[in-house]
Amino acid sequence: MRTAICERLGIEFPLFAFSHCRDVVAAVTNAGGFGVLGAVAYSPERLDTELSWLDERVNGRPYGVDVLVPGRIDASALDRHAHLLDHVPDRHRDFVTHLLSKYGVSAPGRPLTAVADEFGRRVTAAGASGLIEVALKHPIGLIASALGPPPPEMVTAARQAGVPVAALVGTVEHAYRQVAAGADLIVAQGTEAGGHTGEIATMVLVPQVVDAVAPTPVLAAGGIASGRQMAAAMALGAEGVWCGSVWLTTEEAETAPAVKRKLLAASSLDTVRSRSRTGKPARQLRSAWTEEWDSGQESPGPLGMPLQLLLAEGAMNRISAAAERGEPGALELVNYYVGQVVGQLDQIRPARQVVYDLVSEFGEAVERLERLSG
Ligand SMILES: Cc1cc2nc3c(=O)[nH]c(=O)nc-3n(C[C@H](O)[C@H](O)[C@H](O)COP(=O)(O)O)c2cc1C
């Protein structure tokens, strides 16, 4: 299964694991895959700590870092001198207060304002630059950006450090733009993926992107959580696969227990592409939160990014805490980003086991195809 990307990055299997959890990243990297730490939730200082932790555990094996740099955001909210939360209209604040009370979410938890402005500013090119600077001080093997072309400063700094740049795309047009902006590796992510996602399915998107950007290598993402799906992705021309949802139910994942239980019980019909958590369409578990924002009669409609992200993050903090206390209303509201493969996730496994299961099922799938063609 060694593809050119394995040679280039020094890995055994072309299996990339996107996760916000350092334990998952370490486990996958140590199992021969390539862990990628999502950095958006971290301050530069905290990211430095997380990466030092990883450096001590991966024994020189390669891992990557991912930042979110949206091409388009609500610029009016970025006035440096104002608090971002001051831009949230009263109607939207009132709607959140109304939801928390309608669903009986009790203890206040962290107030909405406790989510620092810094969090909203981090999803901008300027905000991400602090994270990129920290990441490049560590021996990372890849830096990835999502939601827009990698900023020129990121490409220049990565080049100087000899670190390849990856970019996530949901259309062929995005792929052209990302390659022109300097991406060395394209992650073609279909609509079935968890998190921010476009409208084109992986099966349709991957071969188009592969042909469009050749000879730039392409990884397939979205809807891949088994070896059969991995074999299909490789048949489409991908050099490897990039998975996110499958790690959420691993032993190492820090997914909140109430959410983990919801994920294990969910079917592939239980996700929705909604703007209600970040202001941009992101696939997540359908819950009372997404239903109320997207089709509730009183909904003011989600704001743009980053304001909706701040509003939702503050509320979700309280909702998650209440869900962990077993409050029924909070359990209806609580959700998380996940893709349609959630319907396949019905047991908790160590991340290392997920890697081995994927690789061994991949081998069986390829043998089956060889028998068919033979
Ligand atoms: C919980 C979760 C959070 C995500 N956050 C990000 C992110 O911050 N940056 C990013 O590039 N991709 C993010 N993604 C998308 C993944 O990188 C990946 O493309 C996607 O999960 C692949 O599809 P799958 O969920 O079907 O495996 C996220 C995915 C999930 C499930």
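Trainee: Which elements are included in what covers the buried residues of helix 15?
Mentor: Keep in mind that this is a predicted model. Start with the residues being covered: the buried ones in helix 15 are Ala351, Val354, Val355, Leu358, Val359, Phe362 and Ala365. In an α-helix, residues three or four places apart point the same way, because there are 3.6 residues a turn. The cover over those buried residues includes strand 1 (15-19), helix 10 (227-235) and helix 2 (22-30).

Trainee: And how many Å apart are the end C-alpha atoms of helix 15?
Mentor: Helix 15 runs over residues 351-373, which makes 23 residues.

Trainee: Is Gln189 buried or exposed?
Mentor: Gln189 belongs to strand 6 (residues 185-189). Setting aside residues up to four places away in sequence, its contacts include Leu168, Val169, His196 and Leu205. The cut-off for buried is under 20% relative accessible area, and Gln189 has 10% relative accessibility, so the residue counts as buried.

Trainee: On to the rings. How many aromatic pairs are there, and how is the pair of Phe95 and Trp293 classed?
Mentor: The count comes to 5 aromatic pairs. For Phe95 and Trp293, the ring centres are 4.9 Å apart and the planes stand at 85°. Planes over 60 degrees apart are the cut-off here, so this pair is edge-to-face.

Trainee: How many residues apart in sequence are the parts that this pair ties together?
Mentor: Phe95 sits in helix 4 (residues 90-102), while Trp293 sits in helix 12 (residues 288-295). Both Phe95 and Trp293 are buried. The pair therefore ties together parts whose separation in sequence is 198 residues.

Trainee: What about Tyr336 and Tyr337: which class of aromatic pair do they form?
Mentor: Tyr336 counts as partly exposed, at 25% relative accessibility. The ring centres of Tyr336 and Tyr337 are 5.5 Å apart, and with 55° between the planes the pair is tilted.

Trainee: Last one: how many Å separate the centres of domain 1 and domain 2?
Mentor: Domain 1 takes in 4-73 + 123-249 + 348-373, and domain 2 takes in 78-117 + 287-333. Taken over C-alpha atoms, the separation of their centres is 30 Å.

Notes:
Residues are numbered from 1 along each chain as its sequence is written. This is a predicted model: local features need pLDDT of at least 70, side-chain atom pairs count only at pLDDT 80 or more; totals for chains, interfaces and linings use all residues. Side-chain values use heavy atoms; hydrogens and water are left out. Domain bounds come from an automatic or database domain assignment. Helices (H or I, at least four residues) and strands (E, at least two) are DSSP runs, numbered from the N terminus. Buried means under 20% relative accessible area, exposed over 50%, partly exposed in between (1.4 Å probe, protein chains only). Contact means heavy atoms within 4.5 Å. Rings of Phe, Tyr and Trp (its six-membered ring) pair if their centres lie within 6.5 Å; planes under 30 degrees apart count as stacked, over 60 as edge-to-face and the rest as tilted. The expected span of a helix is 1.5 Å times one less than its number of residues.
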